[in-house]
Amino acid sequence: MSRLAPGVLREAVIDTAAITANVRHLRRMLGVEVMAVVKADGYGHGAVRSAAAALAGGASRLGVTDIDEALQLRRGGIDAPILAWLHAPGTAFDEAAAHGIELGISNMDQLQRAAAAASADRPVTVHLKLETGLGRNGIAPADAPAVLAEAARLERIGRLRVQGLFSHLSNTSHADDLAALARFREGMAAASAAGLAPRLHHIAATAAAIDLPDTRLDCVRLGIGVYGLSPFDDRTSADLGLRPAMTVRAAVAAVRRVPAGQGVSYGYTYRTARETTLALVPIGYADGVPRQASGAGPVVIRGRRFRVSGRIAMDQFIVDVGDTPVEIGDEAVLFGDATLGVPGAEEWADAAGTINYEIVTRIGPRVPRREAAS
Ligand SMILES: *Cc1c(COP(=O)(O)O)cnc(C)c1O
């Protein structure tokens, strides 16, 4: 990659082959079924392309947050099993059921609504979600006996198929996660005592799947790792054998030679120390480049590493490139695969006080996604 195509201000290049390779690698390493999580438009990478690439790498199912995301995958031609686990109050599940979407169930009301969406010849497939300490949704321990019993009854009369039992971890510490796993195992025992025999027990996302083998159970729900990013502060993508799939870059849109003392961008939080060259990079906070990284976010132009000079604006920021011979049209890489000499998404996360998940997920709709040539 060196220049953007003519007329392109900014883009996110998505390496779908990296997604496929990441899933293949994780699947081999973990040894259990992989549900690739493609919520939030595939963490910003594009949901349908990410889903297809993950399935090609050996994922056998997909996870999303809500039913609209699941239906978008169906419209995109994805026919693999899809689980959606967060529902608007009072949702009727008929459309989801008609498209074979599997439903995460967190309370009695959802269970009954799911059963109501069954047709005579087709039960609705559900995964019962147990609260094990994260404090979000999931069936509360006090409600579990009644919900499990009702689920078993609805399964016996052919309205539901209880395919899974799941929960979600806090990633607070190994001890906290293992305590949640112990609560989950109690829930597994209660489910089987109630007459349920779910085929899939799943609790681990990327971090626990890698670090806590006991949490792998039958299936792991992998998000961040699928996209080649590390969920750990102390290990890089490369340490985990993963390749970041998203590169964000822009075409330098203006270059200006200025004297010492020139104020740069809103508020003049940066002033040139001497005669220098300023390059305008046409991507800003409207595109998901965090304004909190003003004065700090890294950029590579002509193989040299710089930092944003002054404030990041809605549509653009400035880089003081010194005497580097930068020209209009040069590519400015914000982040990508750090093994290729560009910043990782983690560096932007550090500069903005957030995590790599948020950096890739917030890259906005004004940034066209282009699939890398393979
Ligand atoms: C987002 C999410 C995941 C994936 O988490 P990663 O840390 O990105 O692997 C798994 N399960 C649930 C319930 C989630 O919300």
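M314 sits in the loop that links β16 (304-309) to β17 (317-322); helices (H or I, at least four residues) and strands (E, at least two) are DSSP runs numbered from the N terminus. This is a predicted model, where local features need pLDDT of at least 70, side-chain atom pairs count only at pLDDT 80 or more, and totals for chains, interfaces and linings use all residues. Residues are numbered from 1 along each chain as its sequence is written, and side-chain values use heavy atoms, leaving out hydrogens and water.

M314 counts as partly exposed because its relative accessibility is 42%, between the limits for buried (under 20%) and exposed (over 50%), with a 1.4 Å probe and protein chains only. Leaving aside residues up to four places away in sequence, M314 touches G284, Y285, A286, D287 and R366 (heavy atoms within 4.5 Å).

Now to the pockets. A pocket is an open set of points on a 1 Å grid over the protein atoms alone, where a 1.4 Å probe fits, with protein on both sides within 12 Å along at least five of seven lines; lining residues have an atom within 4 Å of a point. Volume is the space filled by probe spheres set on the points, which are joined across faces, edges and corners.

| Pocket | Volume | Lining |
|---|---|---|
| Largest | about 710 Å³ | 32 residues |

Nearest the centre of the largest pocket lie S230, P231, F232, D233 and R235. Helix α10 gives the most to this lining, with 4 residues.
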